[in-house]
Amino acid sequence: MSAIGLTAAGDASDPIDRWFPVARGEEVVARHIVQTQLLGREIAVWRDDAGVVNAWENRCPHRGVRLSIGLNTGTELHCRYHGWRYASGSGQCTYVPAHPGQKPAAAMRVGRFGAGEAHGFVWVNLIEPAEPPHLSALASAQATTLRSIYARAPAVTVAACLLRGYRFALDPTGADDSPTDAALVASDAYTIRASVHAVLREAVVTFLLQPVGASQSVIHGLLETTGETSGVDADRLAVLRHHNAQMTALRDAAEELC
Amino acid sequence: MRPQIESLLWDDWHAVADFEQLRRSGRFVTTLLDVPLALELDPETDSVRARAGGAPIASLRIKYGFVWVCLGEPVRDIVEFPECGDADRLLGTAGSVRVAVSGLRAVENFLDLSHLSFVHAGFLGEEPFTEVKPYSVESSARDGLTVTGCRVYQPKASPIAREGFEVNYSYAVLRPYTVVLYKANPVEQDRRDMIALFVQPVSEESCVAHLLTCYLRHGVEAAAVRRFQQFIFGQDRPILENQLPKRMPLTAGREIPVRADVASAAYRRWLAEAGVRYGAIPAA
């Protein structure tokens with residue numbers, strides 16, 4: 001792995017060849033470029049107008065300027081410094097404005113990572129460009145991505161905090177509106193499921209931890225519920241606020257340990 | 001206690017402060033080559049004293065409106081510009097700007113022609129005039145680099161330019177952290193305005209860019225020159241601060257140059273051959 005772009009190394013125990021969520025899909029909006037970091041590497045995430053998501057090394061191979069300050073035209077990304085253009089998908093340079101008549105060499109290509117979308121998240125694998133994982137906990141459930149929360153604590157600390165206990169309400173807007181202890185299952189170091197259930201109703205929050213670097217992480221959450229929901233927007237907002245408050249408390253507890 | 005910094009930099013002069021600013025504030029602290037400096041004006045004699053840590057600095061001079069110091073034993077003089085003596089020129093400091101990147105990257109950016117149409121669009125370049133025509137570079141171990149024959153279409157080449165025209169540029173890299181630009185004056189197109197960039201290496205990954213302008217007077221006001229140069233440099237700064245890594249790689253192939261970058265490529269080669277390591281990721 002190149003030292004370029006490493007601002008903080010990931011924890012030595014973090015696996016490189018693995019899929020991690022890096023953003024909610026709805027945050028990667030058209031014509032924007034999202035800057036994120038995974039295991040100490042900066043990544044520029046952007047969606048083309050056909051909907052395809054790219055996860056690129058966040059530096060132009062020409063002079064190292066962050067591509068996230070560039071321009072997303074819907075088919076290409078333009079570097080802010082010299083206007084070099086890179087095609088969605090291949091990352092190949094298509095045009096160098098300083099030499100308009102010349103075809104850019106094959107070596108003029110940005111570093112790409114595996115990228116895909118599943119369960120409302122954009123996933124990145126630093127090694128393998130393959131398919132992101134399938135992780136639905138509940139068949140035919142209603143799924144909602146919760147607001148992702150940045151933590152100044154490594155993923156391992158967040159996971160440890162979470163496994164000590166997590167509470168949330170099965171139905172924040174209805175009968176079961178008080179938080180109760182969730183049953184916790186860790187499928188691996190970065191994926192922990194918290195579930196609460198009652199008769200004919202169940203809610204599961206799948207926590208997906210993004211190791212940003214040695215001392216930071218992002219807590220992503222996917223909420224799945226079965227049973228009746230009111231379908232009222234005000235209720236939906238109240239549910240999101242409830243989970244946001246619980247996840248914020250988790251973040252605070254993890255940061256306290258650092 | 002001398003840090004492991006090459007003599008080429010340690011035993012050379014570096015601009016560290018704008019003298020007029022120091023006159024106003026009386027005191028100024030800064031850092032050169034990772035060494036903290038404290039400058040103090042003696043109002044009685046209008047002279048400057050400098051200390052590095054606790055120790056007085058013997059090698060201190062005022063030149064071109066800047067305070068210069070040498071931390072080691074000066075083996076050569078401060079760079080000399082004969083133009084600065086011309087009576088019909090306006091000499092001025094145009095700002096000292098802290099930039100969170102290696103000073104070598106700041107020098108390279110100053111030498112760079114192909115960014116003008118993008119970073120300085122509407123002033124020093126403009127689409128579709130993005131093509132960089134061939135120019136010449138000469139390199140010598142002793143005298144540095146000379147870059148000549150650059151022709152650039154500029155919509156507003158200087159504070160007094162009223163229309164766009166093709167400007168002739170040339171550059172000289174005189175020291176690892178010193179570069180000067182000569183460009184045709186918009187009124188007397190056979191004479192050249194001069195802008196020098198003295199980069200103060202603060203650390204390997206940060207610098208202060210000191211600008212000296214030496215324009216022909218023709219209706220030019222000092223404040224307008226200063227404002228123009230600060231505006232232009234303000235456009236460069238966010239680009240420079242987004243370069244990764246912050247130090248400049250000297251290994252060929254770590255960053256991909258094209259023909260328009262022959263000046264940059266020659267600069268990197270010259271630095272590598274001269275043994276400059278400070279602010280660089282040295283060639284393997």
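A: A salt bridge here is a side-chain nitrogen of Lys or Arg within 4 Å of a carboxyl oxygen of Asp or Glu. By that rule, and bearing in mind that this is a predicted model, Arg47(A) and Glu117(A) form a salt bridge whose closest N and O atoms lie 2.9 Å apart. The pair joins distant parts of the chain, since Arg47(A) belongs to strand β3 (residues 41-47) of chain A while Glu117(A) belongs to strand β9 (residues 112-118) of chain A, and the two are 70 residues apart. A search of the whole structure, over all chains, returns 33 salt bridges.

Across the interface of chain A and chain B, the rule finds 4 salt bridges. Among the salt bridges of the model is one between the side chains of Arg63(A) and Asp112(B), with an N to O distance of 2.9 Å. As for confidence, the predictor assigns the complex an ipTM of 0.94 and a pTM of 0.90, and chain B averages a pLDDT of 94, with 99% of the residues scoring at least 70.

Helix α3 (residues 103-110) of chain B and helix α6 (residues 262-274) of chain B have axes that come within 9 Å and cross at roughly 145 degrees, in a right-handed crossing. On the α3(B) side the contact involves Leu104(B), Arg105(B), Val107(B) and Glu108(B), which meet Ser264(B), Tyr267(B), Arg268(B) and Leu271(B) of α6(B). By type, the residues of this contact divide into 4 nonpolar, 1 polar and 3 charged.

In chain A, helix α1 (residues 155-163) packs with helix α2 (residues 233-256) at an angle of about 115 degrees, their axes being 9 Å apart, and this crossing is likewise described as right-handed. Thr157(A), Val158(A), Cys161(A) and Leu162(A) of α1(A) make the contact with Leu250(A), Ala253(A) and Ala254(A) of α2(A). Here the contact residues divide into 6 nonpolar, 1 polar and no charged.

Most residues other than glycine have a negative phi, and most peptide bonds are trans. Leu33(B), however, which is not a glycine, has a positive phi of about 50 degrees, and Leu33(B) sits in the loop between β2 (27-32) and β3 (35-42) of chain B. The peptide bond joining Glu127(B) and Pro128(B) is cis, with omega of about 5 degrees, and Pro128(B) is placed in the loop between α4 (116-119) and β9 (136-140) of chain B. A cis peptide bond also runs from Leu244(B) to Pro245(B), where omega is near -5 degrees, and Pro245(B) lies in the loop between α5 (222-240) and β15 (248-249) of chain B.

How values were computed
Residues are numbered from 1 along each chain as its sequence is written. Chains are lettered from A and ligands numbered from 1 in the order in which they are written. This is a predicted model: local features need pLDDT of at least 70, side-chain atom pairs count only at pLDDT 80 or more; totals for chains, interfaces and linings use all residues. Side-chain values use heavy atoms; hydrogens and water are left out. Axes are lines fitted to C-alpha atoms, for helices over the stretch in contact, and angles run from 0 to 180 degrees between N-to-C directions. Helices (H or I, at least four residues) and strands (E, at least two) are DSSP runs, numbered from the N terminus. A crossing is left-handed if the near helix is turned anticlockwise from the far one by less than a right angle, and right-handed if clockwise. Contact means heavy atoms within 4.5 Å. Ala, Val, Leu, Ile, Met, Phe, Trp, Tyr, Cys and Pro count as nonpolar, Asp, Glu, Lys and Arg as charged, and the others, Gly among them, as polar. pLDDT is the predictor's confidence in each residue, from 0 to 100.
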